[in-house]
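Open the model in your viewer and keep the sequence beside it. The tour below goes from stop to stop, saying what to select and what is there.

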Amino acid sequence: MPDLLIQNISQLATPKPGVTRGPELRSLNVIENASVFISDGVIQAVGPLSEVLKEVEGHPVILDAEDKAAVPGFVDSHSHLVFGGNRADEFAMRSAGMSYEEIAEQGGGIVSTVEATQLATKEELKNVARIRLQKALKQGITSMEIKSGYGLNLDNERKMLEVINELNEEQPVELKATFLGAHAVPKNSTKEEYVEDVLNMIPEIAELADYCDVFCEDGYFTAEESRRILEKGLEHGLKPKIHTNQFNDIGGVEMALDLEAVSVDHLEVLFDEDVDRIAKTDTVATILPGVSYFLNIPYSPARKLIDKGALVALATDFNPGSSMTISMQLLMSMACTKMGMSVEEALSCATQNGAKALEKKKTGCIAPGFQADILLLDTNNYKDLAYFFGENHVHTVIKKGEKVWESRG
């Protein structure tokens with residue numbers, strides 16, 4: 001891979017290395033008329049061209065970024081991108097006034113996605129997921145976590161995880177896989193039977209995943225059932241994550257923190273004592289405003305979490321039932337308008353803090369020593385990412401120092 005010199009960047013905006021919480025989240029490193037030198041996919045120098053050129057050897061490829069701002073590539077740390085079928089008709093029915101229960105009685109809801117995913121071949125799932133990943137890349141997502149959870153049996157959960165692993169090798173977006181066998185209880189099974197099934201799946205799929213996740217919620221899996229599953233995952237090298245406090249508080253946060261979970265995700269219903277608990281740990285609070293918008297439910301108390309010192313990440317939760325969006329830019333705008341976050345906080349939480357939720361220490365920041373995942377925007381002001389909403393402001397995507405997508409518009 002040839003070295004790359006990006007020059008004439010109108011405005012470079014990046015989180016400060018290692019700043020993941022507290023008031024300093026509001027203070028980005030902002031450099032006007034900046035340049036970046038990249039070698040072997042790693043950022044070597046950032047700053048004025050005269051200073052950056054001191055680090056340059058040989059004849060790098062030159063990329064002129066005149067009139068463009070630069071920010072780190074987005075890190076989407078919570079998604080369900082691999083699934084079969086389409087639930088647009090259900091969305092139309094719900095928008096016309098039909099209840100979730102009525103839709104479910106007609107075969108809709110998560111059951112329809114599970115059935116479509118089970119019926120799809122691995123190649124069919126991969127082809128559809130590859131198209132979605134291309135859309136994600138164009139929107140500036142350069143790293144992403146993808147969960148299983150629409151298979152609900154060993155063969156189909158493995159099929160989903162294999163798709164994630166294979167796509168990680170076949171396209172530019174860097175992927176991490178999470179086993180979410182405990183996403184729902186399949187038809188023709190009791191919950192008790194299915195918990196045992198999930199426990200038995202874990203040794204069989206452990207080599208295909210980085211994390212183990214559970215939907216800890218009323219009507220799904222209790223805190224104690226979730227603990228059993230996450231502890232089994234730990235036995236087999238799968239670090240814990242958890243969906244919890246989306247609709248009810250049933251003790252999932254406290255249990256997950258006890259297991260030192262990498263992240264606790266959703267948190268739309270969160271009491272002050274759990275805000276305080278999270279803030280005292282290195283567990284990432286992953287907030288998902290697309291779900292609140294799509295389902296018209298409360299938003300996570302991001303302002304409280306940040307003010308208390310919690311480590312907060314922003315993610316899409318891209319899935320067919322509750323957050324059908326792949327736009328981190330739109331979610332940044334929601335975070336600002338609906339959750340009381342500043343533009344700077346939203347950018348930090350969509351980049352460096354998302355990387356923290358995926359344990360990617362050298363991702364999500366434009367600084368020497370970091371992986372060169374950089375977005376050049378169609379604007380000279382990074383604030384447009386949240387201000388001019390509903391638009392894709394990504395012009396060029398650099399992944400590991402290589403240009404992998406460019407707008408032709």
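**Stop 1**

Select Ala182 and Val214: Ala182 stands opposite Val214 in strand E9. This is a predicted model, in which local features need pLDDT of at least 70 and side-chain atom pairs count only at pLDDT 80 or more, while totals for chains, interfaces and linings use all residues. Residues are numbered from 1 along each chain as its sequence is written, and side-chain values use heavy atoms, with hydrogens and water left out.

Now widen the selection to strand E8 (residues 174-182) and E9, which pair in the parallel sense over 3 bridges. Two strands pair if DSSP finds at least two bridges between them. Helices (H or I, at least four residues) and strands (E, at least two) are DSSP runs, numbered from the N terminus.

Keep E9 (residues 211-216) on its own: 6 of its 6 residues are buried. Buried means under 20% relative accessible area, exposed means over 50%, and partly exposed lies in between (1.4 Å probe, protein chains only). In a regular strand the side chains alternate between the two faces of the sheet. On one side of E9 are Tyr211, Asp213 and Phe215, on the other Cys212, Val214 and Cys216, and all are buried.

**Stop 1: the sheet of 8 strands**

Select strands E6 to E13. They form an open sheet of 8 strands with parallel pairing, in the order E6-E7-E8-E9-E10-E11-E12-E13. Strand E6 (74-76) and strand E13 (311-314) stand at the edges; each has a single partner strand, so one side of each is left without a neighbour in the sheet. From one strand to the next the twist averages 25°. Axes here are lines fitted to C-alpha atoms, for helices over the stretch in contact, and angles run from 0 to 180 degrees between N-to-C directions.

Within this sheet, pick strand E10 (residues 239-244) and strand E11 (residues 263-266), which run parallel and are joined by 4 bridges. Ile242 stands opposite Val264 in E11. Contact means heavy atoms within 4.5 Å.

**Stop 2: strand E14**

Select strand E14 (residues 374-377), where Ile374 and Leu376 on one side and Leu375 and Leu377 on the other are all buried. Which strands pair with E14? Strand E5 (residues 69-72) pairs with E14 in the antiparallel sense over 3 bridges, and strand E15 (residues 394-399) pairs with E14 in the antiparallel sense over 4 bridges. Ala70 has Leu376 as its bridge partner in E14, while Ile374 stands opposite Ile398 in E15.

**Stop 3: salt bridges**

Side chains of opposite charge can pair when their charged atoms come close. A salt bridge is a side-chain nitrogen of Lys or Arg within 4 Å of a carboxyl oxygen of Asp or Glu. How many salt bridges does this rule give? The count comes to 31.

Start with Asp274 and Arg277, whose closest N and O atoms are 2.6 Å apart in a salt bridge. Because Asp274 and Arg277 are 3 residues apart in helix H10 (residues 272-279), about one helical turn separates them. Asp274 is buried, at 4% relative accessibility, whereas Arg277 is partly exposed, at 32%.

Next select Glu345 and Arg303, whose side chains meet in a salt bridge (2.9 Å, N to O). The pair links distant parts of the chain, 42 residues apart: Glu345 is in helix H14 (residues 343-350) and Arg303 in helix H12 (residues 302-308). Glu345 is buried, with a relative accessible area of 1%.

For a network of salt bridges, select Lys122, Lys126, Arg130, Glu162, Glu166 and Glu170, which are linked in this way.

**Stop 4: Glu157**

Finish at Glu157, found in helix H6.

Leaving aside neighbours within four places in sequence, Glu157 is in contact with residues including Ser148, Tyr150, Phe179 and Met201.
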